[in-house]
Amino acid sequence: MTRELFLELFTGLLREMIRIRRFEEKCVELYSATKIRGFLHLCIGEEAVAVGVVGALSEDDAVVSTYREHGHALARGVPMPSIMAEMFGKATGCSGGRGGSMHLFDASRRFYGGNAIVAGGMPVAVGLALADHLSDDRAVTVCLFGDGAFAEGEFHESANLAALWNLPVLFCCENNRYAMGTALAREHASTDLAMRAAAYGMVAWTVDGMDVIAVREATDRALEYVRDSGKPCFLELRTYRFRAHSMYDPDRYRDKSEIATWKKSDPIPALEAKLVSDGLMTPAEVERWRAGVEAEVDAEIAAAVESADAAPLEPVEDLLRHVTTEAADGVALLAGGRST
Amino acid sequence: MGEFRMPSLGADMEQGVLIEWLVKVGDSVKRGDVVAVVETPKSTVEVECFETGTVTRLLAEEGQTVPVGEALALLGSASEVEPTMPVRVEVPVAVSATVPAAAAVGVPSPAPLGSTSRPPLSPVLRHLARELGVDPRTLHGSGRDGALTRHDVEQAAAAVSTPAVAAATVTAAAPATAAAPSTRPAAPSTRPAATGGAHPGSRHRVRISPLARRLAAEEGVDLAVLQGSGPDGSIRAADVHRATRHTESEQPSPPRATPRVDVKPEATSVAPSPPPMSDMRRSIAALMTVSNQEIPHYHLSLTIDLWRSIQWMKERNRELEMSERLVPAALLLVATARAARAVPELNGHWIEGAFRPAADIDLGLILSLRSGGLLVPAIGGADRLTVEEMMARIKVLTRRARSGRLRGSDLVPPSITVSNLGDQGVDSVLGVIYPPQVGLVGFGAPAERPWAVDGMLGVRPLVTVTLAGDHRATDGATGSRLLKTIDRLLQAPEEL
Amino acid sequence: MSRRSTMTVAKDAAVEAVTAPEVSREASREASPEEAPATVTTTYREALREAHREVLARDPRVFLMGEDVGRYGGSFAVSLGLLEEFGEERIRDTPLSESAFTGAGIGAALRGLRPIVEIMTVNFSLLALDQIMNNAATLRHMSGGQLSVPMVIRMTTGAGRQLAAQHSHSLEGWYASIPGIRVIAPATLEDARGMLGPAVEDPDPVVLFEHGSLYNLSGTLPVDPVRVDIESAAVRRAGTDITFIAYAGGLGKALAAADLLAAESISAEVIDLRVLRPLDDATIMASVTRTHRVVIVDEAWRTGSLAAEISARIVEQAFFELDAPIERVCAAEVPVPYAHHLEEAALPQAEDIAAAARRAVGAHG
């Protein structure tokens, strides 16, 4: 690759990570200001996974995600205004105001949602891959989940089924070392997750999830493998969330020094440093470039907030829409007559 | 100049307590800095600010409860700091001071050890030891690292002297015994309809099916005068239908009045389902069943010498037209009505667990129909009637009843009822009270019998009068007074 | 051709079916075919199998998966022979992973296929309840209408075969409380034969309950498939004095009770709910308006049951038609016991239904 191509790739990854970081930071502020309600889970610190994995997919591939999915959705190209509107509970939200932060959906981009049941999306991902398998489609379904999901029966059932039936699923375990407040070693007898996944007969690698380039390279290789073999693959992406589990989490279960240590591997400064050390930019250029990107991103975020604020609420008369296809019975229920 | 506000830390958070300021006036803060500690109902959380600047003023004090969204501090440029502002927190507490000493990443901090090197007693064993009256501190553990095991505790308990064990057993057993009755689950009814039937004392909250209630409203039928044929006397659609049929076909004159029981059993000849039973029979069955099930009856009887009354009656009849001539029943009814006035405890109704005396003497008169069945028209203000007037009323009522043309005024609820079976030739009547009345007076057939009068045996016309009394409302002494009063009145017929 | 293959498979396949399937399917053609349609003698089990065969043959997007649906022939022999006819890709044996294969059905449906997922019994479906409740029933709504889950989840339900407390429960009412799914319960041969087709075509998830005591139910069906809907309840017997509302295993008992009562000149109307969600309120209320008395028969526990829901709806919508308290005949509130006499005592029986009816009409007090 030429220097220009490297520069373009690296700055592209960096820009997307900054975009997600700034978006998440804005979410904190909006939550504090009661614009966003419900549960809010942020991926600050884990941007390399979102950008490295999801950014590597082709249009035909599918994504099944978790409740910590803002970064995945943004990296997948779900428009920021529709995500913001969703979190504001507005009609223009990507789920019509029915999902919120934990349930972002975009069928047109094959983004099958934030699933708020830990591991609940995994069997669905296997089924999407089964359909592709039965249709001789070369699409890959990427299933993102956390280290907590690895402890659920549904992970083990799904991993076994995908391997047994040779289904094109890329399992991406976003291991941020905590299942809510429970540390990895306190929930797993063996903390080498890739090794355990390999026991299901899958190719499984461990990747430094704080290094976006490593993540992207591993994902590219994994996708190629899955597409060519039709078999599943497992990536354990070791990462860390810098913020608490959710807005309500006092973060009592880990030391601040631990967070500080991990922040030294913050994927954004790490990639900026690489730009300098690889001789692609000078520190001053990085500084200038970054200021420009932040200004663009902040403007995009501000516009998204503004449009979400101005967006209409879904009319209450439509409360019972989208329960079933016609929802005729549901509408009648509101009217007090025949009900479902 | 910006504001730092009480943040929302959950959709259910409405306010928070400012526990601690981590900044003071004059401190410069930047976006993302932790500036305060806030307590929510769920936890204590360090909160950050979203602007960069200098703290110019603290608006809330530590310990203060502040609604979400309200300003806690003002931020501005360094020059805006108000030096005169009293600052409660002289020494800002460093963030790191609030957390435990730093531990290396991934190294679990060892669990704090107690004063002894022995592993702590597990909750299960602690419970067991307490139950068995064993002090675990006195025991030596045989487990790993000297840990106490279940065996250690049980063995120690076995070694304890017998009285101590007995005491422990007793104390353990006592609460269990005491708890037993309350923990036994109430047997759920699998037959709600069956158990739902009997509500003591609620009989006069008349049970009416929703359909019957609707039909009655549509047809203008007064539910209050209907007798229910359903379970526990509940009024059902069929009862309303009967009443409407009767009103339409038999009773054009009195509007909105409905007989207590049907007059025309032949109208129900098209019985929809077996067993064949007239509607009237059903009504009687239901009412009498209720009476016998709910009313504790007592029965009294008294034989009365009618010689004077009959003599008086014969005298009167000589003066009267044939059509106006008296029969003994007229005297018996007048005497009963007057007696009821004298003994008001038996004239009235038992409603919702209490006796309600009636203002008037509305004397019910049981009339048996030739076609079978009964009617109970009432003679209002019966105690104010003369014997001749009573005779006239009896004739009219009998005629109307037998022709099915009773009027609404004939069907007021009686306050006491007379059953006169004299014409049936029986000696006495052991009656069943018509609820909600509390007394039923029965007369057998007057007949000439040997009777001692003033020590001499003679032949006299006698009648046996009986009282069926509701023991909830009165006792036998009251009932006796009524019968004795009837007797006394009949011995002075000229005063009736 | 398909009929012939059924016979062949039934004879050849070495299958340990729970109950030997009755596969005599001789078409008995009437003298004048124009007037009387040709019929076959069949069973509930065979009718279900024939329904599978029809949808598999008709729509290449349809496939069946579940535990032992293929080589074993189905734990209740419903899918016996289908593997040989349609191949491993479309008749898929799964591991004992209820959650994973049910979720996989959801995923495949999201991608446009028409999966039929068989779960052995409703008790086992609790292992997949996360997928059914949290995904199948919610994805359409949670995505603001973007997603559709056109799948059928079949499972056996009900007691009466001495299978004790982990294979006998009737949890249909639980499922019937979930918005976003349709719940159907065929109780007749016609419905066993006809309901799967429209269920597969439904754009939303359909949970189909097969009552374990009905698999051997036999009778005749027209040779040509009869279309039935999955919308409405059916009046299986007309009557004037009282309405019986029943479904699945309760239907036969309700009809038997109606026979008992007919001898006493009490005329019972019998409604087969067929569709447990959404409930066909119109048919129920119309019948109650005619008879003014109701007995609801439900093999589930009384507390919080479908019978409770129906009872509430009648009170809400037809209160002023009622001439007697609503009666419910439900299972005793115990885990279903093993011993035959205890199991029978725990379940609604025809005599219980008749007794409830007598109370309601006021006969014998």
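This is a predicted model: local features need pLDDT of at least 70, side-chain atom pairs count only at pLDDT 80 or more; totals for chains, interfaces and linings use all residues.
1. Chain A, make-up. The secondary structure of chain A consists of 13 helices and eight strands. Chain A has 340 residues, and 54% of them count as buried.

2. Where the chains touch. On one side of the contact are 14 residues of chain A, and on the other are 17 residues of chain B. On the chain A side, two or more residues each come from helix 1 (3–32) and helix 10 (256–263) of chain A. Helix 10 of chain A contributes the most to this side, with four residues.

3. Sorted by class, the residues of chain A that touch chain B are four nonpolar, five polar and five charged.

4. The sheet of chain B. Chain B has an open sheet of four strands, in the order 5-4-2-7, with antiparallel pairing. At its edges are strand 5 (44–48) and strand 7 (65–67) of chain B, each of which pairs on one side only. On average, and with direction ignored, neighbouring strands of this sheet are turned by 45° against each other. As background, the strands of a sheet pair through backbone hydrogen bonds, in either a parallel or an antiparallel way.

5. Strands 4 and 5 of chain B. Strand 4 of chain B covers residues 34–39, and its antiparallel pairing with strand 5 of chain B runs over five bridges. These two strands of chain B form a hairpin, with four residues between them. For a reader who wants a place to look, B:Ala36 stands opposite B:Val47, which lies in strand 5 of chain B.

6. Strands 2 and 4 of chain B. Which strand does strand 2 of chain B pair with over four bridges? The partner is strand 4 of chain B, and the pairing of strand 2 (residues 15–21) with it is antiparallel. Here B:Glu20 stands opposite B:Val37, a residue of strand 4 of chain B.

Technical notes:
Residues are numbered from 1 along each chain as its sequence is written. Chains are lettered from A and ligands numbered from 1 in the order in which they are written. Two strands pair if DSSP finds at least two bridges between them. Axes are lines fitted to C-alpha atoms, for helices over the stretch in contact, and angles run from 0 to 180 degrees between N-to-C directions. Two residues are in contact if their C-beta atoms, placed from the backbone, lie within 7 Å. Ala, Val, Leu, Ile, Met, Phe, Trp, Tyr, Cys and Pro count as nonpolar, Asp, Glu, Lys and Arg as charged, and the others, Gly among them, as polar. A residue is buried if 20 or more other C-beta atoms lie within 10 Å of its own, exposed if 12 or fewer, and partly exposed in between; C-beta atoms are placed from the backbone.
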